[in-house]
Every structure is written in structure tokens, then in C-alpha cells.
Amino acid sequence: MSRSGSKAKSQHPKRPLWPDLKRDRYLYLLALPGILFFVIFKYIPITNLIIGFQDYSPYLGITGSPWVGFEHFTRFFSNPDFWMLLRNTMGISILNLIFFFPAPIILALMMNEVRNQIAKRTVQSLIYIPHFLSWVLIYGLTYLMFSQSEGLFNKLLTAMNKDTIDILSNPKLFWGLLTVQSIWKEVGWGTIIFLAAIAGVDPQQYEAALIDGAGRFRRMWHITLPAMRNVIIILFILRLGTIMDTGFEQVYLMMNAAVTEVAEVFDTYVYRVGIRQGEFSYSTAIGLFKSIVGVILVVSANKAAKRFGEESLY
Amino acid sequence: MIMQLNTSWKDRLFNVANLGLLILLSLAMVFPIYYTIVLSFTDSTEYYTRDLILWPHHWSLDAYKYLLGTGSFVNSLSVSVFLATVGTALSLLVTGGLSYAISCRRLRFRKSMMFMILLTFLFTPGLVPLYMVVRNLGLIDSIWSLILPSLTSGWYVLLMKGFFDSIPDSLDEAARIDGCTEISVFWRIIIPLSLPAIVAFGLFFAVGYWNTYFSGIMFINQQSKWPLQVLLQNMLVDPTTMGGGTQSVSMQMNRQLPTETLKMAAVVIATIPIMLVYPFLQKHFATGAMVGSVKE
């Protein structure tokens, strides 16, 4: 912070500070609540990370609690739970990367091929809707569709004289169910940015390709996809950076006793152990571990992309 | 857009298949919502006697009447309405103020502020450290714990800054030459020009507050202060906590109405505001989602 602050100052070395501050006092006043927000809810929590190295007790406070060094970390890494959490988190994330990530790209390509504007707009309006529903509502809808007793799917199976399937508490289906839910909720919304990228393509390119005899798939491959390329890469990097995040609400809501083994992820574990059971220090250490891995992932993914981008220039 | 004089049968087949798939997909998006609405209006005896209900023979408002007469439900509804109105107003104020300030190039410490916001993208300290802050502020079990920690985010501030950046500086200068003060430039030039963005962001915030769940289970223990989504989750997962959680009420309820239609009615009530703002959202959200994101 101080580094960029001094940089800003060195840009206008001759201007005194005070008249500038006075001139822009209303602007600072406008910015103040926002700055306070970031300090209180984003930066003060960072100082609270100290308790990950303590045996924090709310009665003693941060200043009075005894130091334990890396004890919580070693306890966590030697806990079999760690491997379960890592497996589940990565499993869900990788499934998302394989199926959820390309879904809006494919959908945008499909929508781009629709010539009837009314049909296109109708489809667009409908597929955006789920994005605005909460995960609780989506849990409700999933229950209504797939629960063994009340689900439409199983009612149809019964009507066809087949055995019902318990989808919601089957550990084998759990990750897949999450992926399907994510796609259902966000696929339409995800197309916005890709469609915007496609809209930037000069129509003449398509016409030229058409005259050159390029078929529909060739035009898609050589014109439309390259137009989306930058967006795809940026979004992919962002996703790689959040591979340790699985979305607390979705997993927490879908979790039940039968699927805990495959459902417990870092986020839900920290909530359960930290907030519910009150093991503040231990779960802070876990959260810190997760955050550090996240930072490493973002930074290295970004580096990789830069290298990739440079190469692709030639 | 594209001149295609000779459409081959292959092309036509592709068009039909493509559009067909998209329509199927749209139906998959809408059908669960439709089915929920239908069930919530289905008469209780019909619900028990018929297996598959895609369209009720007997419509009934009983589930809605029951829910809206239930104290805890109305309570949570009002908590969520409060969040969606007061929270949205505060979020717009905080986000708009900060992003407008950092969009002014002459502002001292502008870069430090930007850096401070950008850093929060990279590193999130996690759940417990935030919980400690909220607790130390004495906000546990206060409705403000559902608003203050989620007032804004670096993402929203930068998006909105991108929008303010698109307002030409010359406008601002011209107004000043005409004798406008700082405040009147803001009120008479900036605010009217950014109305589309304000509406778009306002709707985003409102949907966010309406969908508040996580903060609810983190910070609120008293059932009387639960936001709607938390109550809903409790209803959906465990029907015995319905209707104020008292055993007598839920038993009484179970005799009167199938819990399923009640659940679905609750889902519908929680969805209605979103469906109501959706047409407005439609107009603005694409702009809102794209605002500023194209540049970087």
C-alpha cells in the first residue's frame, strides 16, 4: 500500500497534499464508508489469522492466548480427515472443470447459430432464470425432482412399474449431482460473456469465409472460437485459482448423513468445526492453509497464462 | 446477418436439431419451477390421491393462506424484505461512493485505494477470522450482521468504477465551467447518467440480499431473526421445525395440509420477488454484467 502511495505522490512532486485533500473532501467523504468496509471486513480478519498459531480462548483474547506454533497445522495434516477433504474438494472441482466449465462455451456456440432472433431471445431469457435462484431454492427443486418419496423422477419410475432410485443419498451419485446442479444454475448466465465476445466479431469475416467455401463447422472453429479464446483463457485461469473452493452453500445444503464421506469439503469442515464446535484456532489454521494454496494457484496459473499468451503470439 | 442463398438440407437439419436442443434445454430450466408452482396450488386431497400432477384438477390456496398466517414465516419474510430494501440502498451508497471516488483520476491516494481493493481478490482469510470480527462488533444475532459484512465486494467496486470511467471527463469539465459545484456535478450529471448502472447493480444487490443464506446460518441463532432462506432450508430439510418450531403447530399443520404443498408454496413465495424483478433485470443485467469487464 505504501509503495503505490509513494508512487502516486512522486507523479506530482510539486503539488502540496493539503489543498488537494481539501479540494476533494467530498470525494473522500464518498469513499470513506467503502474504505471502512474493506478495512473492517477484509483487512482486520487477516490480523485475526494470528490465532491459527495460538490456542485461542475468547476469554483471554488474542493478546492473552498461549502460542502453540504450527501445532494446529501438523494436527490437521496428520488427521485422516485431511485426505478425505482434499479428495472431495479436488474431485468436485475437477468435475466442474471438465463438465461445468465448457458448458457455457458450447451453449454460446449453439446459440450463435440460431438465426431466428425471437427464438434466440426467448431461449436466452429462459436459461438465465436459474442464476437468480438461491441455493436453498435449488435444493428445494432438486428434492422435488429427485427425492425417493416425493420426487417426480421416482414417481415416473413407479408409474412405469420400475424400482425407485434414491438419488439424493447415494454417495456414488453425489458429485455428479452437484455438477448437474451447477450447470443447471449457471450455464445460461455463463454464456453472456462468451456471446459478448462473439458479438465483437466482424460479420465480414463470416462472409469472407463463406465465399471461400467454409462450412458451418469450419466457420465455428476458425472464426467464432478464436474470438472467444481470450475470454476462455482468462476464465479458465480464474477457475484454476479457485480449485480449493467448492461453494459452501451448495455442498452444505446437499449434504446428508449418507453422503458425508464424499460431501465434506474444506469449506463445510471449517464451518462445522470452527463455528459450530467452536474450535477457532484449529479451523483458522485450516482456512489459512486453504487461502495460501489459493494464492499460489492464482499466481502460478497467471504466470502460466502469460507464458502461454506469449507463445501464442507467434 | 449472414447471407446464405443456398441452404442445403444438411444446414436445415442442423438448424432444426440445434434449435430443438436449445428449446429442450430451456424447458429443463423452466420445468422444475413450473412443477413447483403447480404443486403449491394443488388441493391437499388431490395431492394424496393422484400420483402424477402436471396440472391440478382442483386449485387451492390453502398452502399460501396457511403460510402467510404463520408467525415465523411472516417474520422471516419481513427480515428478507428489510435486507433487500435497506441492504440494497446501503450497498449502492457504499459501492457507488467508493467507485466514483476512485474513478476520478485527480484524486490523491487513488492508486493506494485501488491496490487495497485488488489485494482482497487474491487473499481471503477465511471463515473464522471474519466471524470473530462480526462477534467482536457485537453483531451476532443482529440483523446488521446480514448486511454489513456483505455490503460490497472488490468485484462490484471495480465493475462500477469501470462504468464511471466510461462517462467522459469533458462533461464534468463543461458543467464546472458553467458554474456547477462538486456536489451539483455529482447530483445533476453523474447520477442521472449512471442510472442504468445504478438500477442494474441495485437489482444484483437486491437478489443477493434476498438469497442471503450463509450469513444467516453463520451469524443468526435466534429463529425470529432468520432470513427467509434459512427458514426455508429448515422447512425443506426437516418439516417438524415448520410453523414456529412448536410441536403442536407442526402436528396441527400435518393433519391439515400435506407438508409437500406447504414446502412448495414456501419455495414459490421465496421465488416471486425474483420473478417480479426479472423482466427489469432482463433489460439491465447484461449491461450490468458486462460493465467494465471488457476493458481488463
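How much of the chain over residues 185-210 of chain B is helix, and how far apart are the end C-alpha atoms? The span is 96% helix and 0% strand, and its end C-alpha atoms are 33 Å apart; here helices (H or I, at least four residues) and strands (E, at least two) are DSSP runs, numbered from the N terminus. The model is a predicted one, in which local features need pLDDT of at least 70 and side-chain atom pairs count only at pLDDT 80 or more, while totals for chains, interfaces and linings use all residues. Residues are numbered from 1 along each chain as its sequence is written, chains are lettered from A and ligands numbered from 1 in the order in which they are written, and side-chain values use heavy atoms, with hydrogens and water left out.

Residues 261-281 of chain B are 100% helix and 0% strand, with end C-alpha atoms 29 Å apart. Both spans are among those that UniProt, in an unreviewed entry, labels "transmembrane region"; positions follow the numbering used here, feature names are shortened, and annotations may be inferred rather than shown by experiment.

F41(B) counts as partly exposed because its relative accessibility is 21% (buried means under 20% relative accessible area, exposed over 50%, partly exposed in between; 1.4 Å probe, protein chains only). Its contacts (heavy atoms within 4.5 Å), leaving aside residues up to four places away in sequence, are H58(B), W59(B), S60(B), L61(B) and Y64(B).

In chain A, 9 of the 11 residues of helix α7 (residues 102-112) are buried, including P104(A) and M110(A).
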